[in-house]
Amino acid sequence: MELTGLGLGQLALVFGGAGLATLTLYLLRIRRRRISVPYLPLWTAAAGQREANRLFAGLKHWLSFLLALFIVALLTLALGDPRPTRPAAEVRHRLLLIDASVTMQAATAGRSRLQEALQRAAAEIDALPAGDQMLLAQMDQVPTALSAMTDDRTALRDALQHVQASDLPLDPAPALALSGNLLRSRSRPEVVWISDFASTDGAALRAALARDGIILRPVAVGQAGRNVGVSAFAARRYPLDKSHSQAFVEVHNGNDQLEHVELTLTADGRTVLYERLEVPAKGQTHRVFDSLAGVDRRVQARVRLADGSADALGADDTGFALLPERRRARVLAVTDGNLYLQAALLLDEYLEVHTVAPENYHPELACDVAVFDGFVPSEPPRSPSIYLSPQARDGFPFAVKGTLEAPHFARIERRDPLLRFVALEDVNIARALHLELLSGDQAIGRGQDGEPLLVRGERAGAPMFALAFDVRDSDLPLRVAWPVLVIGMIDALVQTDVAYQETSLVGERVTLQVPEGVVEGVVDWPDGTRGTLAAHGGALQLQARRAGFAAVSAGSSTRLLAFNLHPSTPRSVTAPRAGAATEPTADRPGALTERLRGYPPWLWLIAAAAALLSLEWFSYQRRWTL
Amino acid sequence: MVAPPRHRPSRTPPRAEPAELFDEAFQQRLEYLALVSRRLYAGRQRAERRSRRVGSGIEFADYRQYAPGDDIRQLDWNVYGRMGRLLLRLYEEQEDLSVYLLLDDSASMAFGRPPKLDYAKKLAAALAYVALSHLDRVSLHAFAQGRAEQLPPARGRHRIFKVFDFLRGLQASGETHLAEGLRTFAARTKRRGVAILLSDLYDPHGFEDGINQLRYARFETYVLHLTSPEEISPRLLGEVQLEDAESGGRVDVTITPAVLERYAQQLAAHRERIQRFCASKHIPLFTLDVTTPPEAAVLGMLRRGGMVG
């Protein structure tokens with residue numbers, strides 16, 4: 001027995017004080033009232049005070065006092081909260097793992113798998129034998145401990161309230177590692193694995209834990225159900241028509257039969273497309289939707305079964321995508337007149353173009369991007385700039401080593417976002433300048449001998465692009481690539497990726513750069529909660545647990561992010577596989593007995609004291625005791 | 001075990017203010033009792049009274065209506081001449097019946113609600129008034145161990161106020177010793193008559209000796225045994241120390257329902273002993289509860305007869 005409440009010394013003090021008080025009260029209680037009677041001999045004869053009775057009356061006094069002291073002792077011992085100590089080797093240590101991954105959100109018969117798992121976990125907690133210890137953890141991509149290793153059922157039940165569903169896939173390896181690290185050195189280790197086993201195999205888990213001498217008791221939950229979902233979704237704006245967008249949707253069917261589904265695309269809450277699709281059994285169907293109008297930022301693709309039946313796993317029914325923000329860029333075109341340039345600039349309605357003659361240029365003209373066509377300012381502008389038709393004169397941002405005759409684009413940096421949708425390989429160029437790059441400059445298009453033909457760099461702290469040739473000395477203006485390249489350079493310089501913004505995956509670590517001086521950011525998660533992120537090294541790192549849209553605010557800017565389910569997410573909602581045992585261990589005692597044994601000893605001590613007190617009061621009223 | 005007496009005051013019932021005992025209402029009831037007793041007396045005692053009326057007393061006491069057979073020499077012809085009524089002169093010697101009211105004013109008589117002593121005072125006053133109404137000689141004696149008080153014999157209803165004064169002055173104190181008190185009374189009292197003992201008969205020396213003193217002295221003895229509900233059904237329970245009101249002796253008792261039952265048995269045996277003794281000695285015994293109105297008790301006694309006249 002060990003005392004988990006007050007210590008022995010404290011209990012002795014408490015008992016001493018309470019005993020003294022009990023003695024005082026008892027002495028007051030047995031103090032006799034003096035009553036005058038007219039004729040004492042009648043009472044003397046009635047009392048029949050034989051010696052034996054007097055002795056018995058005295059003995060009753062002592063017995064009653066001892067009973068009172070015993071009650072006080074029970075209450076004092078209850079303050080010590082005694083607990084039986086079992087030999088360390090007999091204590092079972094149990095890890096209760098609850099699968100909270102995305103497939104546990106599958107619901108059949110009005111109840112989700114996670115709800116069923118919580119119910120099974122509560123039963124496991126209630127059945128925890130006295131003295132055994134348990135730790136509660138939820139698992140998805142990584143396990144998260146929700147309690148300490150304890151035998152306190154109340155604390156374990158409270159911890160159960162903190163299990164939260166996530167859209168993350170289940171990764172059993174970290175859970176197995178936790179099990180081994182936690183239980184390897186403990187007596188009678190056991191893992192209770194409550195899951196739908198959608199992506200894990202009970203036999204493999206059991207074998208993995210057996211290497212550490214840990215017993216696995218899998219508890220399978222869930223039933224089979226119909227499921228269709230969005231397995232891939234992406235959207236982009238047209239580079240030259242930012243008012244329209246293109247979307248790609250892939251729909252997955254996890255069922256054994258062909259399914260008819262209804263696909264709905266919504267943009268910022270408005271429905272922009274509706275279509276019915278056929279998806280083959282255990283297969284996918286994809287669609288590309290062109291010229292979607294009225295799409296601003298947030299795009300969602302949602303599917304549901306066409307017959308109106310309930311989809312078992314709703315978490316994968318929606319795909320999320322973001323389109324880059326559209327804003328007007330002020331372009332200052334310094335040119336004597338270049339129809340090719342002016343035509344390209346006219347194609348984007350989000351450009352505010354101001355054309356000036358070279359003699360009218362001065363650096364104070366406000367703009368977001370300056371396009372110098374055959375003009376070199378005397379000093380580098382403070383705004384981002386594009387140099388077309390380079391002139392080898394003072395102020396040109398590059399040194400010119402010579403001229404090139406009939407160069408062509410032999411090497412293109414396809415990873416550069418500027419050149420994703422641009423084909424330059426077959427552009428014919430009459431002549432070009434051989435530019436000498438400075439440190440930090442990047443040639444994203446090179447000629448056959450490696451000479452830079454298209455350069456990305458920075459001058460006076462402002463980014464810049466430069467073509468090494470006059471476009472009129474080439475057939476580039478006659479190609480589709482020309483306006484795409486011009487608009488692309490402008491968008492890149494104003495940091496507007498008009499074409500495409502990648503979505504992130506749940507569980508994926510996303511890094512966002514923040515302005516200097518920003519020490520923290522606020523994130524509004526897809527589930528509606530809000531959190532704070534600390535900036536480290538000028539960046540925020542975040543990891544979403546739910547699919548959807550998130551907004552990160554740092555400093556004065558806000559960045560939108562879209563999170564989708566991991567591609568490895570199981571799409572079929574099937575019943576747990578055979579081999580996942582569901583019954584608890586055989587040595588589980590009866591539920592009522594366990595419930596009774598589960599009550600702490602101090603409660604029983606107080607109950608015993610109350611029972612004795614009631615018995616003493618009842619007997620006192622009958623004058624059986626004093 | 002009885003502990004030696006101590007000097008701590010014990011719980012005794014409060015005493016009624018003496019002045020309230022004999023208020024106007026009580027005195028009116030006394031008048032009623034006197035009338036009733038006279039009726040009873042006239043109806044039953046005529047023959048005996050007539051024989052006693054014949055005598056040679058020299059002290060005029062009162063008038064009485066003439067009845068055939070009375071001595072015509074006692075007729076008051078002056079009254080007849082004035083009023084046309086035949087009235088006989090009554091002389092003290094002829095109608096002299098001594099009534100002795102013997103009150104136990106020991107400490108035990110202070111118990112009860114009302115206290116037995118106050119009740120006894122009212123009874124004594126009522127009986128005295130009835131006797132005085134009948135021209136009987138009435139004297140009162142109060143006694144406890146080592147103490148005795150006396151109101152000398154008096155005759156006539158106007159003496160009732162002396163009776164009141166005497167009774168008001170009595171206080172319950174001391175121990176009961178009936179034999180001693182009544183022996184002293186009998187030795188001092190030459191004239192025999194009716195002796196009415198008013199007591200609760202709680203005498204550790206035995207009540208029989210006391211009553212026998214009256215018998216031996218050839219008094220016509222009546223016993224009024226006074227009881228109170230508090231003695232019959234005491235409301236006690238638990239750990240108590242009982243103290244005798246007279247002796248001061250104490251005993252620690254744990255009063256349980258069983259003890260109360262035994263006490264009731266002891267009390268019943270005590271009362272039965274009193275009844276048997278009185279029955280065996282042909283002594284009229286009246287057991288009176290202090291909650292019974294005194295006049296009703298007196299009426300009851302008169303109707304049963306034999307006490308007065």
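Predicted model: local features only at pLDDT ≥ 70, side-chain atom pairs only at ≥ 80, totals over all residues.
## Conventions

Local features need pLDDT of at least 70 and side-chain atom pairs count only at pLDDT 80 or more, while totals for chains, interfaces and linings use all residues. Residues are numbered from 1 along each chain as its sequence is written, chains are lettered from A, and side-chain values use heavy atoms, without hydrogens and water.

## A five-stranded sheet

Let's start in chain A, where five strands form an open sheet with mixed pairing, in the order E28-E34-E33-E30-E31. Strands here are DSSP runs (E, at least two residues) and helices are too (H or I, at least four), numbered from the N terminus; two strands pair if DSSP finds at least two bridges between them. At the edges sit E28 (504-505) and E31 (530-534) of chain A, each pairing on one side only.

E31(A) is joined to E30 (residues 520-524) of chain A by five bridges in the antiparallel sense. Within this pairing, Val522(A) has Thr532(A) as its bridge partner.

## Around Ser147(A)

Ser147(A) belongs to the loop between strand E8 (143-145) and helix H5 (153-160) of chain A. Its relative accessibility is 17%, so Ser147(A) counts as buried (under 20% relative accessible area, with a 1.4 Å probe and protein chains only; exposed is over 50%, partly exposed in between).

A polar atom of the Ser147(A) side chain lies 3.0 Å from the backbone nitrogen of Leu136(A). Met134(A) is 13 residues away from Ser147(A) in sequence, with 8.6 Å between their C-alpha atoms.

## A partly exposed leucine

Leu59(A) lies in helix H3 (residues 51-79) of chain A. With 46% relative accessibility, Leu59(A) counts as partly exposed.

Methods:
Polar contact = N/O pair within 3.5 Å; in protein donor to acceptor, adjacent residues only side chain to side chain.
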